[in-house]
Amino acid sequence: MKYVPLGSSCGSTVFLTAVEGRKGPNCPFDWALSNPEFVLEIMKLCTSNISSYEIVTKYFFKNRYAHKGEHVVSWKEPGQGSYANTDYRIVFPHEDHKTPGDVTEAYTRRMERFRNILTSQEQVTYIWSPPGEQRLFDGEPIVQDLEPLNEIGRMIKSYNPQARILVFTENEFEFGNEIEHYVIGPCTTYGEVAGKIHDIFQKIQ
């Protein structure tokens with residue numbers, strides 16, 4: 001069984017890392033603050049003829065961000081700030097210690113791995129969870145709309161009907177039959193998200 005985090009923060013990845021044998025090699029969304037619109041767009045590109053390298057260098061990383069208090073803002077000066085996708089308000093907070101070449105190489109591998117998993121018939125469980133905090137990017141919440149998760153679910157199932165899609169949210173939301181939905185209630189950190197996922201997972205695995 002493979003487990004693949006789909007965002008929206010490190011919560012899903014921290015949960016998988018804490019449970020022995022479940023965290024596999026990194027995929028593109030493991031260590032980012034992201035949203036469903038971005039995940040859906042990247043998934044569509046992964047099922048196109050565009051190379052993984054081109055997806056990473058032209059569509060995945062776009063511009064940089066900087067901190068403004070506890071929130072983040074776009075950073076316009078080329079080569080400055082931290083890795084981001086300012087079109088979609090996406091933050092990559094764990095890559096600053098790497099050179100641009102190393103980041104491109106690492107994420108090209110992760111992208112290629114993800115697209116191979118996406119179109120395979122392996123036993124795969126995809127996990128999406130809330131960020132655990134309300135981070136703002138240029139004054140807007142990073143996660144604004146959960147509806148794209150329904151299209152993500154349909155897309156995953158169209159390639160792999162056996163795939164399992166677990167979605168954890170802080171509040172009730174109407175999802176399609178492709179998604180297994182669990183409400184975990186409000187959280188303030190991704191660690192709290194990971195803990196609540198763990199508690200539910202013990203009952204449903």
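This is a predicted model: local features need pLDDT of at least 70, side-chain atom pairs count only at pLDDT 80 or more; totals for chains, interfaces and linings use all residues.
**View 1. Packing of helices H3 and H4.** Two packed helices are described by the angle between their axes and the distance between the axes. For H3 (residues 52-60) and H4 (residues 100-118), the angle is about 115 degrees and the axes lie 8 Å apart. The crossing of H3 past H4 is right-handed. On the H3 side, the contact is made by Ser52, Tyr53, Ile55, Val56, Thr57 and Phe60. H4 contributes Thr104, Tyr107, Thr108, Met111, Glu112 and Arg115. Sorted by class, this contact has six nonpolar, four polar and two charged residues.

**View 2. Helix H2 and its surroundings.** H2 spans residues 36-46 and is mostly covered, with eight of its eleven residues buried. The buried residues are Pro36, Phe38, Val39, Leu40, Ile42, Met43, Leu45 and Cys46. They pack against three helices, H3, H4 and H5 (148-159). They also pack against the strands E4 (82-85), E5 (90-91) and E6 (124-128).

**View 3. The largest cavity and its lining.** Rolling a probe the size of a water molecule over the atoms shows where empty space is left. The count comes to one cavity of 30 Å³ or more. The volume of the largest cavity is about 50 Å³. Its lining consists of Ser8, Leu33, Ser34, Pro131, Glu133, Gln134, Arg135, Ile142 and Val143. By class, the lining has four nonpolar, three polar and two charged residues.

Key. Residues are numbered from 1 along each chain as its sequence is written. Side-chain values use heavy atoms; hydrogens and water are left out. Axes are lines fitted to C-alpha atoms, for helices over the stretch in contact, and angles run from 0 to 180 degrees between N-to-C directions. Helices (H or I, at least four residues) and strands (E, at least two) are DSSP runs, numbered from the N terminus. A crossing is left-handed if the near helix is turned anticlockwise from the far one by less than a right angle, and right-handed if clockwise. Contact means heavy atoms within 4.5 Å. Ala, Val, Leu, Ile, Met, Phe, Trp, Tyr, Cys and Pro count as nonpolar, Asp, Glu, Lys and Arg as charged, and the others, Gly among them, as polar. Buried means under 20% relative accessible area, exposed over 50%, partly exposed in between (1.4 Å probe, protein chains only). On a 1 Å grid over the protein atoms alone, a cavity is a set of points where a 1.4 Å probe fits but cannot get out, and a pocket is an open set with protein on both sides within 12 Å along at least five of seven lines; lining residues have an atom within 4 Å of a point. Grid points are joined across faces, edges and corners, and a volume is the space filled by probe spheres set on the points.
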